[in-house]
Amino acid sequence: MPSPATLTIDLNALAANFHTLQAVGGAPVHPVVKADSYGLGAAACATRLAAEGARTFFVSRSAEGEALRQALGGGPVIYVLDGCLTGHAGRLAAADLRPVLNTAAQLAEWRAANGGPSGLQIDTGMNRLGFRVEDAPEPFEGLELVLSHLACADAPDEPMNARQRDAFATAALRYPGTVRSFANSGGAFLGPDYAFDALRPGICLYGGGPEGRPDPRIRAVATVEAEVLQVRDVPAGESVGYSQGFRADAPVRIATCAAGYADGLLRSYSPRGEVFVGGELRPILGRVSMDVCAVDVSGLDVSVGDRVELYGPNRMIDDAATAAGTISYELLTSITTRVPRLYVG
């Protein structure tokens, strides 16, 4: 049965963003496809990116890497950012996955298992994963990649960016001959001295801007639409939704649309959310419910069965995220499995 809410993934736009990032960053792009390609489907997205020339991919979890290996087959390099967790060395080796080693214990476990090629993460100030610069290990057999992660790449003027870059450049000198990867999506736009040997973007591949707002160089990849289930006129003085979240000061015409927080339309959209319908951006009225939301369609020719765009090319995902008080990453990864994924391009 057709679903009243759908997520359409434009693989041509994904490919265009891949090439844009390579051109802007001036280095090969090694896509980050963790969290099921930010909710858009890692198998389909990585397969298309591989067809565009990507040869190295990053996931977070071992299970993600195993699934990606099945989708891509042999050949592409797949790094696991969690590293080599206790008891995982055999799983990683069996699926031809490479851990990004973050601690001395992970390094010892991987080497004891004769695991093969690996990466190494150096923490240059984010204090999330990786060896502190002063604790970074000596070069070891099988090390092919050294990376770090920018904490503030979406803020180009933040001095921490340059401090992290310089710390990484110095630390990487300890590992001659390895691939150096530093720039994430935002970092790809900071200049050639941030690129090193390989870019490691995520959100910009999937349509989010490098600074958390729309960027004309980045195309929308995900379009979430919902069907209008009912249209009604609400008299002045009456309310809409739970807890009387909206009260009409004047008569208003509303469309009840088939998307709610059980689909990934965040409840925090109330009261600032907007959708694209009838050729215009129109506000969401009242509280977002589990399965539906109400949209002001006063003066528009909108009928049952019409589609509204929650975000996509007409309602950019960064703008939608700002309205919800969050970031585009959360919007994409919040889309639930009951919303079918449709691939075009």
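Predicted model: local features only at pLDDT ≥ 70, side-chain atom pairs only at ≥ 80, totals over all residues.
Biologist: What sits over the ring of F58, and how do you know that it belongs there?

Modeller: It's the charged end of R200, 5.9 Å from the centre of the F58 ring. Residues are numbered from 1 along each chain as its sequence is written, and side-chain values use heavy atoms, with hydrogens and water left out.

Biologist: How many aromatic pairs are there, and what kind do F58 and Y79 form?

Modeller: The whole structure has seven aromatic pairs. Rings of Phe, Tyr and Trp (its six-membered ring) pair if their centres lie within 6.5 Å, and planes under 30 degrees apart count as stacked, over 60 as edge-to-face and the rest as tilted. F58 and Y79 have centres 5.4 Å apart and 20° between the planes, so theirs is a stacked pair.

Biologist: Why does this pair tie together separate parts of the chain?

Modeller: F58 belongs to strand 2 (residues 56-59) and Y79 to strand 3 (residues 77-80), so the pair links parts 21 residues apart in sequence. Strands (E, at least two residues) and helices (H or I, at least four) are DSSP runs, numbered from the N terminus.

Biologist: Are F58 and Y79 buried or exposed, and how do you know?

Modeller: Buried means under 20% relative accessible area, exposed over 50%, and partly exposed in between (1.4 Å probe, protein chains only). F58 is at 0% and Y79 at 4%, so both are buried.

Biologist: What makes F168 and F196 edge-to-face?

Modeller: Their ring centres are 5.0 Å apart and their planes stand at 85°, so edge-to-face it is. F168 is in helix 7 (residues 159-172), while F196 is in the loop between strand 8 (179-181) and strand 9 (222-234), so this pair ties together parts 28 residues apart in sequence. F168 counts as buried at 0% relative accessibility, and F196 does too, at 18%. F168 and F196 also belong to one aromatic cluster, along with F182 and Y194.

Biologist: Over in helix 3, is A43 buried, exposed or partly exposed, and why?

Modeller: A43 lies in helix 3, and its relative accessibility of 42% makes it partly exposed. Its C-alpha atom is 5.5 Å from that of A71, 28 residues away along the chain.

Biologist: Which residues of helix 3 are buried, and what covers them?

Modeller: In helix 3 (residues 42-51), the buried ones are A42, C45, A46, R48, L49 and A50. Their cover includes strand 1 (5-10), helix 1 (11-25), helix 2, strand 2 and helix 4 (62-72), with contact meaning heavy atoms within 4.5 Å.

Biologist: What about S37 and N127: buried or exposed?

Modeller: S37 sits in helix 2 and is buried, at 0%. N127, in the loop between strand 5 (118-123) and strand 6 (131-132), has 56% relative accessibility and so counts as exposed. Neither is a glycine, yet phi is positive, about 50° for S37 and about 55° for N127.

Biologist: How big is the largest pocket, and which residues lie nearest its centre?

Modeller: Its volume is about 760 Å³. There are 36 lining residues, and K34, Y38, H149, N184 and Y329 lie nearest the centre. On a 1 Å grid over the protein atoms alone, a pocket is an open set of points with protein on both sides within 12 Å along at least five of seven lines, whereas in a cavity a 1.4 Å probe fits but cannot get out; lining residues have an atom within 4 Å of a point. Points are joined across faces, edges and corners, and a volume is the space filled by probe spheres set on them.

Methods: Lys NZ or Arg CZ within 6 Å of the ring centre and 35° of its normal.
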